[in-house]
Amino acid sequence: MVEQSNNATQLLINRIEKQHPSRIVIDPFNEVQDVTLDVIGKVAFGYDLGIFEKRLLDTSRHSMSFLDALKLTMSWGFIVQSLPTSIQSMFKETKTAVKEVERYMRELVDTRMENLESEKHDLLSLLVSSNQERGGLTDRELMSDVFIFLLAGHETSATTLQWMTYELAINPSVQKRAYEEIVSVIGTDGDISYEDYEKLSFVQACVNETLRLHPPVVGVPKVARKDTTIGSYKIPAGTDIILDIMGIHLDEKVWPEATKFKPERFIEQEKRHPCSLIPFSIGLRKCIGFRFSEIETLVIIAKLIQKYEFVIPSDDPKMNTESVLRGQIPMYQMVTLKPDYLKIELKRR
Ligand code: HEM
């Protein structure tokens, strides 16, 4: 996974350099989403989803590429699916995209079923094997798990990475310290190894501070299974509860100057309650991919910082308002909470 994250980031850098021979200004989400999708495709499903290189998924029988269909499904698919059927027909392209994603995933699963013995033991093989065992995953559960892993396994990490480019751009002294750490551990060129992860403690702190200030999942719905008392609250069994991740992360009692981006708080750390930082939720159903994401995010951002300095493009009026430069950027909520509009200039080092 470390190798895949390094390789995919290098493919992105190559593409950026090709597309922007002089000045580089990008929409970071669009770019890093391709990296995290490439990584989850290769690591969990053993597939090159055709993002940077040759397409292994056959597009000839489809009306859209996998990537286009997936991106449309994620941006509008959930909203359109929840509309009354009569209104849904007005969103033909989105409906087609949702169907195409299903068909691509079916092909992915069918191909693996045919080659189960010869393929390596990745997540897809585990899911497919379970489907073939008695009492294992049903067809519906299998398809739904493939989709959840594909979605949860890239969108959240990409959102974190785009927030991080923004925070580093408006906090140049933090970015400088992160760059200096990367150069001292890895040098000005070269890949990040698994062993480097522990050594990059300030970059790790930047990832944690980004996840604190901008948790991609702002709240998780739960149901109380039995009568419970929390502090002075009596919660009867069956009560719907929202785990308010954003609320906890911005609590001034736990996080002084909570709205400020201050990664050093994770370095100069006094003891904190284990529930004070919960971007991946907590308990038995905590995100299964949290370690995957921690390492992947660090490798991708470290490789980008090693190559580029992130700055706010000086000629973009939307990015140069007083509030945006102070860290208050308009946001919108789709699958995750993202900036409404974000452009970052990458200055070659
Ligand atoms: C910054 C990155 C990520 C964040 C913030 C995040 C956050 C979360 C949260 C809050 C949940 C809900 C947990 C609960 O119900 O209590 C969750 C579930 C899940 N996540 Fe992540 N996640 C991230 C990355 C990933 C990655 C990389 C993968 C896969 C490799 C992944 C796979 C999943 C799956 C499969 C579930 C559903 C688990 C279940 O239903 O029990 N996530 N994630």
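**Core, ligand shell and loop geometry of the predicted model**

Of the 58 residues in the largest nonpolar core, Val 203, Ile 301 and Ala 302 touch the most other members. The structure described here is a predicted model. Contacts of Val 203, leaving aside neighbours within four places in sequence, are made with Ala 178, Glu 181, Ile 182, Leu 298, Ile 301 and Ala 302. A second, separate core has six residues, including Val 217, Ile 245, Leu 277 and Phe 280. In soluble globular proteins, nonpolar side chains tend to be buried together.

Val 203 is also one of the buried residues of helix α11. This helix runs from residue 201 to residue 213 and has 13 residues. From its first C-alpha to its last, α11 reaches 18 Å, close to the 18 Å expected at 1.5 Å a residue. The helix is mostly covered, with 10 of its 13 residues buried. Besides Val 203, the buried set consists of Gln 204, Ala 205, Cys 206, Val 207, Glu 209, Thr 210, Leu 211, Arg 212 and Leu 213. The cover over these buried residues includes α8 (155-170), α9 (172-185), α12 (245-249) and α13 (290-307).

Helix α5 spans residues 92-114 and has 23 residues. Its reach from first to last C-alpha is 33 Å, close to the 33 Å expected at 1.5 Å a residue. The buried residues of α5 are Thr 94, Ala 97, Glu 100, Val 101, Tyr 104, Leu 108 and Arg 112.

The shell around the ligand was examined next. There are 20 residues around the ligand, of which Gly 153, Thr 156, Ser 281, Cys 287 and Gly 289 come nearest. Two or more residues of the shell are given by each of α7 (139-152), α8 and α13. By type, the shell residues divide into 11 nonpolar, seven polar and two charged. Helices α8 and α13 are also included in what covers the buried residues of α11.

Ser 281, one of the residues that come nearest to the ligand, is found in the loop between α12 and α13. Its phi is positive, about 70°, although Ser 281 is not a glycine. Glu 257 lies in the loop between α12 and α13 and has a phi near 50°, a positive value in a residue other than glycine. With 9 C-beta neighbours inside 10 Å, Glu 257 counts as exposed. Most residues other than glycine have a negative phi. Ile 282 is placed in the loop between α12 and α13 and is partly exposed, with 15 other C-beta atoms within 10 Å. The C-alpha atoms of Ile 282 and Leu 243 are 9.5 Å apart in space, for a separation of 39 residues in sequence.

Two further positions were examined individually. Ala 8 is found in helix α1 (residues 2-19) and is buried, with 27 other C-beta atoms within 10 Å. Not counting residues up to four places away in sequence, Ala 8 touches Val 35, Asp 38 and Val 39. Ala 8 and Ala 224 are 216 residues apart in sequence and 41 Å apart in space, C-alpha to C-alpha. Pro 221, in strand β2 (residues 219-223), counts as exposed, with 8 C-beta neighbours inside 10 Å. Pro 221 touches Asp 240 and Ile 242 when residues up to four places away in sequence are not counted. A distance of 26 Å separates the C-alpha atoms of Pro 221 and Leu 37, which are 184 residues apart along the chain.

For the chain as a whole, the secondary structure comes to 14 helices and nine strands. The radius of gyration is 21 Å, close to the 20 Å that the globule rule gives for 349 residues, so the chain is as compact as a globular protein of that length. Along the principal axes, the C-alpha atoms fill a box of roughly 60 × 55 × 45 Å. Of the 349 residues, 32% count as buried. Among contacts with a separation of 6 or more, 66% are accounted for by residues 24 or more positions apart.

Conventions. Residues numbered from 1 in each chain as written. Predicted model: local features only at pLDDT ≥ 70, side-chain atom pairs only at ≥ 80, totals over all residues. Helix = DSSP H or I, 4+ residues; strand = E, 2+ residues; numbered from the N terminus. Expected span 1.5 Å × (residues − 1). Buried ≥ 20, exposed ≤ 12 C-beta atoms within 10 Å, placed from the backbone. Contact = placed C-beta atoms within 7 Å. Near = placed C-beta within 6 Å. Nonpolar A, V, L, I, M, F, W, Y, C, P; charged D, E, K, R; others polar. Core = buried A, V, L, I, M, F, W, Y, C linked by C-beta atoms within 7 Å. Rg over C-alpha atoms; globule rule 2.2 N^0.38 Å.
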